[in-house]
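Here are my notes on this one, point by point. Have a look at the model first, then read on.

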Amino acid sequence: ICIYILLLIILTMDFVHAVIKAANSGPCIATCVPGKYEGYECNHDCFNNGYDDGKCDPKTKKCCCIQ
């Protein structure tokens with residue numbers, strides 16, 4: 001029974017994290033290219049579009065804005 005409770009807690013935490021992340025994420029506006037379009041450019045473009053921050057996602061290689 002303890003294993004089931006632990007699994008339920010882990011799944012609940014993962015779901016809550018996904019909901020919070022989705023609520024704080026804006027659009028992905030560009031493709032990050034090393035040496036050409038990196039974190040600085042991404043952050044700058046997101047800021048100019050009214051978002052608080054922008055980061056290059058290492059998995060998708062996209063510049064995603066954060067509200």
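1. Let's start with the cross-links. Counting a disulfide as a pair of cysteine sulfur atoms within 2.5 Å, I get four disulfides. Bear in mind that this is a predicted model, where local features need pLDDT of at least 70, side-chain atom pairs count only at pLDDT 80 or more, and totals for chains, interfaces and linings use all residues. Residues are numbered from 1 along each chain as its sequence is written, and side-chain values use heavy atoms, with hydrogens and water left out.

2. How are the bonded cysteines paired when numbered in sequence order? The pattern is 1-7, 2-5, 3-6, 4-8.

3. Take Cys28 and Cys64, which are joined with an S to S distance of 1.9 Å. The link is right-handed, at 90 degrees about the S-S bond. Helices here are DSSP runs of H or I with at least four residues, strands are runs of E with at least two, and both are numbered from the N terminus.

4. For the cut-offs, buried is under 20% relative accessible area, exposed is over 50%, and partly exposed is in between (1.4 Å probe, protein chains only).

5. Next comes the bond between Cys42 and Cys63, with S to S at 2.1 Å. This link is right-handed too, with 90 degrees about the S-S bond. Cys42 belongs to helix H2 (residues 39-48) and Cys63 to strand S3, so the pair connects parts 21 residues apart in sequence. Both ends are buried: Cys42 has 0% relative accessibility, and Cys63 also has 0%.

6. Helix H2 and strand S3 are also tied by Cys46 and Cys65, whose sulfurs are 2.0 Å apart. The handedness here is left, with -80 degrees about the S-S bond.

7. Now the fold as a whole. The protein has two helices and three strands, in the order α-β-α-β-β along the sequence. With contact taken as heavy atoms within 4.5 Å, residues 24 or more positions apart account for 39% of the contacts with a separation of 6 or more.

8. How much of the chain is buried? Of the 67 residues, 13% count as buried. The accessible surface comes to about 5,400 Å², and 67% of that belongs to carbon and sulfur atoms. These areas come from the Shrake-Rupley method with a 1.4 Å probe, and for residues only the protein chains shown count as cover.

9. One backbone detail to check by eye is Lys61. This residue is not a glycine, yet its phi is positive, at about 60 degrees. Most residues other than glycine have a negative phi. Where does Lys61 sit? Lys61 is in the loop between strand S2 (53-56) and S3, and it counts as partly exposed at 48% relative accessibility.
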